[in-house]
Amino acid sequence: MLIVPEALIASLVSPEDAFAAVEATFAAMARGEAYNFPVVREALGGGRQYGFKSGLDRAGGQLGVKAGGYFPGNAEKGLINHQSSVFLFDPETGRPQAMVGGNLLTALRTAAASAVSIDRLARPEAKVLGIVGAGHQAGFQLRAAARVRRFERVIGWNLHPEMLPRLGAVAAELGLPFEAVDLPRMREADVIVTITSSPAASLMAAHVSPGTHLACMGTDTVGKQEVEPALLAGASVFADEVAQSVTIGEAQHAVGSGALAEAAITPIGQVLVGAHPGRRSAGEITLFDGTGVGLQDLAVAAVAVARARERGMGIEVRV
Ligand code: NAD
C-alpha cells in the first residue's frame, strides 16, 4: 500500500488534473459505470461533522472511501476546518492500495465540480463572477471558475466581511478587480458560486438576474442552506448526484417543501454525455447543486497515487 501524505498532493495533482478527473467521473456516473454508496455523516457535537463518502467506478477501476469531516474549531489551531483522508482498494480483491491525504484534494475536486458546471451551463460571455462565502474553499472556487470563463471582475459577499480581503487577494493574483458588495448587488453577476456553511438561506431569488448560472457548493449536510428554495423552483436544476442533492444538498429544502420535484433535477453527467442539452436559453437561470460525491474523491486520489508511483514518491508499506 502506498501512503501519499498531504504535503505531497500539491506537487502531484493540478487544478487541471482535478477538472479532467471530475468531468470523467460525472460522465461515468451518467453512463452507469460508476456509482456512489450511501453517505454516512454524523454530528459529533459542537458543530463537528464526521462521515464517509465511498463508491465504485468499474470503468476507472476504483473502489474506496473518503473518511473525514468538518471541525469548525480548527482554524484557531492553525488547521483547516475540513480534515479528510482517502483510502483506495483493489476492486477485484479488496486489498488496500493507497492512503492519500484528502484535504487539498477535497478543495480541488470541489472547485473542479463547480468549474465543470460553469463550463457547461454558464453563458459563454459571462463577465462578472459573484462569490458568496470567503472561507477556505472560496479561493479555490474563484481560481477554478476563472479557468473556464473570461471574467472581467469579481464581487463577493460574506456574513463575516472581515474574511473578504483574503478572497480579494486571490482575485488580485488573477488580475481581476474585486469588490465587496451587499447581497442585492449579486444581481450584477453572470455566475454566482455559493460556498458557505450557512444554516439558513442568504441568497434570495430577488438577488439573482435572469441568465445567471449558480453553483451552490456549500450545502453538503442535512440542515445547511445557502439559497432561497424559490431560486431552485425558478431554475433549471442540475446536480452531481440527485440522491445526495435531495437529501444533503441545497435541493433538500426545495424538494422537502414541494417547491421542486425531484424528477426535475438533472445529473450533470447527462449534459457531459450529450443526453441533456444543458442551458436552453440566454435568460434561463441554471443552478448546479454540488454536494460532493465519493467518486470525485476516489478519482483525484487515483491521480495522486498514479503520479506518486511514476515519480517514486510516497511511502510504500506492507499491509
Ligand atoms: P470555512 O469554515 O473555511 O468557511 C465557512 C464559510 O461559511 C465562511 O465564508 C463563513 O463566513 C461562512 N459562514 C459561517 N457561518 C455562517 C452562517 N451562519 N451564515 C452564513 N455564512 C456562514 O469552510 P470551507 O472549507 O470554506 O467550506 C464551506 C462550506 O463548503 C462548508 O459548508 C463545507 O462543508 C462545504 N463543502 C462542500 C463541499 C462539496 O463537495 N460540496 C466540499 C467541501 C466543503
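The structure is a predicted model, in which local features need pLDDT of at least 70 and side-chain atom pairs count only at pLDDT 80 or more, while totals for chains, interfaces and linings use all residues. Residues are numbered from 1 along each chain as its sequence is written, and side-chain values use heavy atoms, with hydrogens and water left out. Helices (H or I, at least four residues) and strands (E, at least two) are DSSP runs, numbered from the N terminus.

**Strands**

Two strands are said to pair if DSSP finds at least two bridges between them.

| Strands | Direction | Bridges |
|---|---|---|
| strand 5 (residues 62-70) and strand 6 (residues 82-89) | antiparallel | eight |
| strand 6 and strand 7 (residues 96-101) | antiparallel | five |
| strand 8 (residues 128-132) and strand 11 (residues 191-194) | parallel | four |

Leu-63 has Phe-89 of strand 6 as its bridge partner, and Phe-87 is partnered by Met-99 of strand 7. Six residues lie between the strands in the hairpin of strand 6 and strand 7, where Gly-94 takes a positive phi near 80°.

An open sheet is formed by eight strands with parallel pairing, in the order 10-9-8-11-12-15-13-14. Strand 10 (178-180) and strand 14 (266-267) stand at the edges, and each has a single partner strand, so one side of each is left without a neighbour in the sheet. Within this topic, Val-132 stands opposite Thr-194 in strand 11. Helix 4 (residues 136-148) packs on the sheet and touches strand 8, strand 9 (153-157) and strand 11, where contact means heavy atoms within 4.5 Å.

**Helix 2 and helix 10**

The axes of helix 2 (residues 15-30) and helix 10 (residues 294-311) come within 9 Å and cross at roughly 135°; such axes are lines fitted to C-alpha atoms, for helices over the stretch in contact, and angles run from 0 to 180 degrees between N-to-C directions. Among the residues that make the contact are Ala-21 and Phe-26 of helix 2, together with Ala-299 and Val-303 of helix 10.

**Ser-117**

Ser-117 lies in helix 3 (residues 103-121). Is Ser-117 buried or exposed? Ser-117 is buried, with a relative accessible area of 0%, where buried means under 20% relative accessible area, exposed over 50%, and partly exposed in between (1.4 Å probe, protein chains only). Leaving aside residues up to four places away in sequence, Ser-117 touches Ala-122, His-213, Ala-215, Ile-268 and Phe-288.
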